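Please look over the sequence and structure first.

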2 protein chains.
Amino acid sequence: MDRVERRARILEVAGELLLAWGYDRVTIDEIARRAKVGKGTVYLHWKTKDALFLAVVLQVQFQSHQRQLVRMRADPPEILPSRMLRGLFCDFLGQPVLRAMYTDDADVLGRLNDTAKRELTELIGEGDRMLRRHLGVLREHGLVRDDLDVHHQQYALMAMATGFFTGEALLDGRAPVAPEVRADILAHTVHSALETSPGEEATARAAARAAPEVIALYEQFSELTLHEIRRQVRD
Amino acid sequence: MDRVERRARILEVAGELLLAWGYDRVTIDEIARRAKVGKGTVYLHWKTKDALFLAVVLQVQFQSHQRQLVRMRADPPEILPSRMLRGLFCDFLGQPVLRAMYTDDADVLGRLNDTAKRELTELIGEGDRMLRRHLGVLREHGLVRDDLDVHHQQYALMAMATGFFTGEALLDGRAPVAPEVRADILAHTVHSALETSPGEEATARAAARAAPEVIALYEQFSELTLHEIRRQVRD
DNA sequence: TCCGTGACCAGATATGAAATCTGGTCACGG
DNA sequence: CCGTGACCAGATTTCATATCTGGTCACGGA
């Protein structure tokens, strides 16, 4: 049983427990016990409890971005904000950790949100810039309208995401709209608000042209995320 | 100093303290002291602390709807969802109690949210139905698109509102976009997502035709709210 | 030598009993 | 008849004690 395997097992157990119990209630002792390692071993790999859970969260985000990349490579129109958010929304529905992240679930994440904001300022800022450049590229290729300032489009996009993501939790009790349908409504809304409609053919062609640049952006960001994950571990 | 004046002063003081201190920290004693009445007097007017603060919240909502009605009567296009939400958003920014309500601010509202949900189920359901009928009327007059089910449009509308309203708080720290501009972006987004664009002239004419029906809806709802406020006081 | 380990420590957190506070009542008096 | 504030029970706060947990490090096995 080598270093790499240990590390992976600890991460996995930490992720499971984070969801099942929530940050505060999970102890390093319990993680070590379930991963069948000594408590000290956890600290051989991560400086602090926060660093460990930050790694968990970053990995989930990384995986989400990877799926996003797969979709974009397979089907260029997936670079459109509407399509992208639909994918992210589905991931969001399927991945409880993502759900906790995007809805700021204090019970699950505990103080992790604050730590993340402090620790990942740079990465968050980079994500911000990347999204703006993403929109910029799409505008250049006529896929996104230019009737609004890019910053304002980004603001609108973030607000819509926030609304559909958190509204998810606010729908509590009766759920009159199926998840699939909600995803489509989100896509429809984002499309109407930001994108152009030059017909399916033209869209596909423009998307194919823009795709490499957008994909490069996300690959670059994924790399940064990976780097950040590695930065959380010792040595 | 008559009954009515007393009641108004208590409500006013309660509203001020709710904002300044938050539900939990406000005591009936303090309200009575500031309103210069005996503690028992407060209970002559409202059955419970919850009823009193529910009245505060309902009144703020009522006033917001009244302003909405004034706008709609003065300028029919204000019945459009985009215009309506812009108005509501500005009210939201200017009225801290509204802000607390829409963002579910637990620190200010305390247990009031839960009480409200339990106590005002009917009113909330009525608001829900009213919004749907509002959208229905606009669709009949060609002001709102029919490329989506009404329920789904309502869902989208709620999600957008949620996003822009709560995102407000999530913008913490730097605020790169001015309030006025945010309101316009919200209006622009809602317009793009739901409404038709038959030109300003045609819109104005259709709006003028639809306005009476929509205004009647909101008058009816205001009446219900008022009724609910009265239901909170004794006798 | 090197890596994994668990006993150990200090500070954070949980516990619980006593003290205080507060929503709500009601007998009194103006 | 209406407004009042002393009063009560239950909720909340306090504070001291006990327990727990993140993080370290000296040790021992490979």
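## The surface near DNA strand C

The surface near DNA strand C receives at least two residues from each of α1 (3-21) and α3 of chain A, and likewise from each of α2 (28-34) and α3 of chain B, where helices are DSSP runs of H or I of at least four residues, numbered from the N terminus. The largest share, four residues, comes from α3(A).

The model is a predicted one, in which local features need pLDDT of at least 70 and side-chain atom pairs count only at pLDDT 80 or more, while totals for chains, interfaces and linings use all residues. Residues are numbered from 1 along each chain as its sequence is written, and chains are lettered from A and ligands numbered from 1 in the order in which they are written.

In total, 16 residues surround DNA strand C, and the closest are Gly38(A), Gly40(A), Gly40(B), Thr48(B) and Lys49(B); a residue is near a strand if its C-beta atom, placed from the backbone, lies within 6 Å of it. By class, this surface has four nonpolar, six polar and six charged residues, with Ala, Val, Leu, Ile, Met, Phe, Trp, Tyr, Cys and Pro taken as nonpolar, Asp, Glu, Lys and Arg as charged, and the others, Gly among them, as polar.

## The surface near DNA strand D

DNA strand D is surrounded by 16 residues, of which the closest are Gly40(A), Lys49(A), Gly38(B), Gly40(B) and Thr41(B). At least two residues each are supplied by α2 (28-34) and α3 (39-45) of chain A and by α1 (3-21) and α3 (39-45) of chain B, and α3(B) gives the most, with four residues. The surface near DNA strand D divides into four nonpolar, six polar and six charged residues.

## The contact between chains A and B

The contact between the chains takes 22 residues from chain A and 22 residues from chain B, two residues being in contact if their C-beta atoms, placed from the backbone, lie within 7 Å. On the side of chain A that touches chain B, α10 (150-170) and α11 (179-194) each supply at least two residues, and α10(A) gives the most, with 13 residues. That side of chain A holds 13 nonpolar, nine polar and no charged residues.

Leaving aside neighbours within four places in sequence, Met160(A) is in contact with Thr189(A), Val190(A) and Ala193(A), and also with Met160(B), Gly163(B) and Thr189(B).
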